[in-house]
Structure formats: C-alpha cells, structure tokens
Amino acid sequence: MAENGEEEMGSVEASGFSDLSDSELLEYLDLEDTQESSASLSKPGPSSELPGKDDKLTSLPKWKRGLDVSSPMERFHLKHLYVTDLSTQDWCEQQMVYGKELPGFLAPEKAAVLDTGASIHLARELEVHDLVTVPTTTKEDAWAVKFLNILSMIPVLQSEGRIREFPVFGEVEGVLLVGVIDELHYTPKGELELAELKTRRRPMLPLEAQKKKDCFQISLYKYIFDAMVQGKVTSASLIHHTKLCPDKPLGPSVLRHARQGGFSVKSLGDLMELVFLSLTLSDLPVIDILKIEYIHQETATVLGTEIVAFEEKEVRGKVQHYMAYWMGHREPQGVDVEEAWKCRTCNYADICEWRRGGGVPSSILEPLAKKVK
C-alpha cells in the first residue's frame, strides 16, 4: 500500500488513535483521580471549546504558551505519563497535545472502535486468569492493586507460564512512565516474548507510519520491563513522582485480597518492598522477542504479525526528544509535509496551529511578524 495513505482516507484507523494499546485504555482512568472507584485484580487461572457544527471543533482558546512558564507536565497536572502518550507523539505530537487540552472530545465512531478493541482484549485476558473487582478509595489503594497483580504474576513467569496485563513503570529521562504489557510468554526455545495485540477496524494491515508507532510503543515496554527486573527501578523514585504515601493504611477490600493472596501487609510501603524484592530476586530474564499481532475486530481474524527489532539507541533518542516537550524545553510539533495526509482524518485539523503556521507553531510566528512590522 502506498505510504501516502490515499487508500485509507476516511478510515478511523488512519488517525493513529484507533490502535492505542487495548491494555492501556483502562489506564486512562487516571489513578491520581481515584475516588470511590474500583480496580481489577488479576487472579491466576488454570491456563476548550465545545464542538461546533457537525461535531467539528471551531476554535481553540489561546493558550499563550510563549508566556506560560510552566511545563506541560505542570500545566496538565500530570504526575506521570503513559507509554501511549509517547507513542501517540510518534504519530503526531500536536494531535496528542490537543487531546490533552480538549479532554473528553472523541468522535463517536472512534469511541466505538476503542470499545470494541477493549472487549476483544478482555476476552483474551480471561483466557489465562479470572478478574476480581477490588473497590478502591485512594490512589494508594489503586497502586496496591497494581502491585498485587505483579506479585501474583511473577511466580507464573518463573514457572514459564503465560501472563497478560502486566503493569510496568519506571523513570525515563526524569519522568515516570507507566504502561501495561498485553502478554508475556516463553517460546519453545525458552525465550521470553512480549506479544502486543492491536485490533483493526478494516481487514488489512496498517500503514508503515502506524507500524512505526506500534514498534516504538512495545520497545518502550521492553525498556521499562528490563529495568524493573534488573533492579534499576526504585521505590524512592516512584514515591517522588506519584507523591504516594507509603505509610498510609490500605483499604479493607485491598487488605482482604492481599491476605487471600498470602501477603501479610498493612500499608502500601509493605507491598512496595515485597514487589521490588520479588522483581530483583526472582531471576526473571529480560525480554528477548517483541511481537505485534494485528487482528480484525469484526471477525477476530489474525491479519498478520510483526517481529520488532529492539534498537536501544534509537529508542533513547526518541524518548529524549519527546520528553523535551513535556519538560517545557520546546514547543509541540506537528507532522512533516510528507505525512500531511494524516491531517485529513484528524479531529483537530480545523484548529491546528501547526497547519496554520505552515509547519511552525503560531506562538513562534507571532513574534516574528511583530519584528517585520
């Protein structure tokens, strides 16, 4: 298929949004805002502006970024980023920024695509373990559920079993990065393989630009997972970024499920100590193989698989570039002229500063215009 994407114009999947990690859809229910909510505990099993006419955005409030001394992390009140934040930057950074500035704006057809993908993913997860709903009332409780999931999955990996929905987190370039690995299993040769499920609305493989974004995403998963099992992720770093209170007592529901799992803990700090000890003393290997599996949503037919070569130098270079935006060191950037076809299915095309400026943010153009006068 041609790289310019002409054959897929009008498709939801050309936007770069339909293939967000099906695992991380649930992660967008931000743990920092957990109030009277619930979390899923994995149990090992036997195997702005309102839209205008036609729902199109008509304008965007002037953010005056040139006068804003805060970084995007501060402006959006973020304590951490998701892996999919960075992989979406790889598709179009400006589109990702508008998604943060206009939360909740999502075309109905795209919401339906994401819902379908999440359903397929949930069905696969239930193949390997049961789900138990654990009521949580604090962010400490929500993170405790993550840790309980990790503690329940480590023995399965040690016995060369298959696990799904493995939480990963770690500091990357000074920012806490959080994600969920779809699946980890061992090959017949004993290699640890990461398998990422991507659902497709149409029965065809994605464009190369989409594959590039997906490859970057799972490379980040390996980068973080490897650091976790090598003892490079610390509880001090996690507490620093999330502002968690390790001494805060856990809620009764979380404590009950911890006891059922054989863990005698009272606080988040107790669980954190168990998790980091288990990760470093379990002798879990680093990930050997990265694989992406593309599946047609309607028929569940496997469309194809991609084996991804991990290039650490390239991954680190991209991460440094994308983190520079989040730390406030540069303006957001849109796509290059060669990939302007992506704009045709973007919800924010009509208000995009990058497009209006011909590939330069308007906040940079305005001072230049004043100098010309």
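Student: In this predicted model, is E93 buried or exposed?
Tutor: A residue counts as buried when its relative accessible area is under 20%. E93 has a relative accessible area of 4%, so by that cut-off E93 is buried.

Student: Which residue meets the side chain of E93 in a salt bridge, and where does that partner lie?
Tutor: The N to O distance of this salt bridge is 2.7 Å. E93 belongs to helix α2 (residues 83-101), while the partner sits in the loop between α9 (312-326) and α10 (353-356). The pair links distant parts of the chain, 237 residues apart. The partner in that loop is R330.

Student: How many residues apart in sequence are E183 and R162, which form a salt bridge?
Tutor: The closest N and O atoms of E183 and R162 are 2.2 Å apart. E183 lies in strand β5 (residues 175-186) and R162 in the loop between α4 (139-158) and β4 (163-172), so the pair ties together parts separated in sequence by 21 residues.

Student: What are the relative accessible areas of E183 and R162?
Tutor: Buried means under 20%, and exposed means over 50%, with partly exposed in between. E183 is buried at 7%, whereas R162 is partly exposed at 37%.

Student: Over the face of which ring does K342 lie?
Tutor: K342 forms a salt bridge with E339, with 2.9 Å between the closest N and O atoms. K342 is buried, at a relative accessible area of 4%, while E339 is partly exposed at 23%. K342 also lies 4.2 Å from the centre of a ring, over its face; that ring is W91.

Student: Why is the pair of F147 and F169 classed as edge-to-face?
Tutor: Aromatic pairs with planes over 60 degrees apart count as edge-to-face. By this rule the count comes to nine aromatic pairs. The rings of F147 and F169 have centres 5.9 Å apart, and the pair is edge-to-face because the angle between their planes is 70°.

Notes
Residues are numbered from 1 along each chain as its sequence is written. This is a predicted model: local features need pLDDT of at least 70, side-chain atom pairs count only at pLDDT 80 or more; totals for chains, interfaces and linings use all residues. Side-chain values use heavy atoms; hydrogens and water are left out. A salt bridge is a side-chain nitrogen of Lys or Arg within 4 Å of a carboxyl oxygen of Asp or Glu. Helices (H or I, at least four residues) and strands (E, at least two) are DSSP runs, numbered from the N terminus. Buried means under 20% relative accessible area, exposed over 50%, partly exposed in between (1.4 Å probe, protein chains only). Rings of Phe, Tyr and Trp (its six-membered ring) pair if their centres lie within 6.5 Å; planes under 30 degrees apart count as stacked, over 60 as edge-to-face and the rest as tilted. A charge sits over a ring if NZ of Lys or CZ of Arg is within 6 Å of the ring centre and within 35 degrees of the ring normal.
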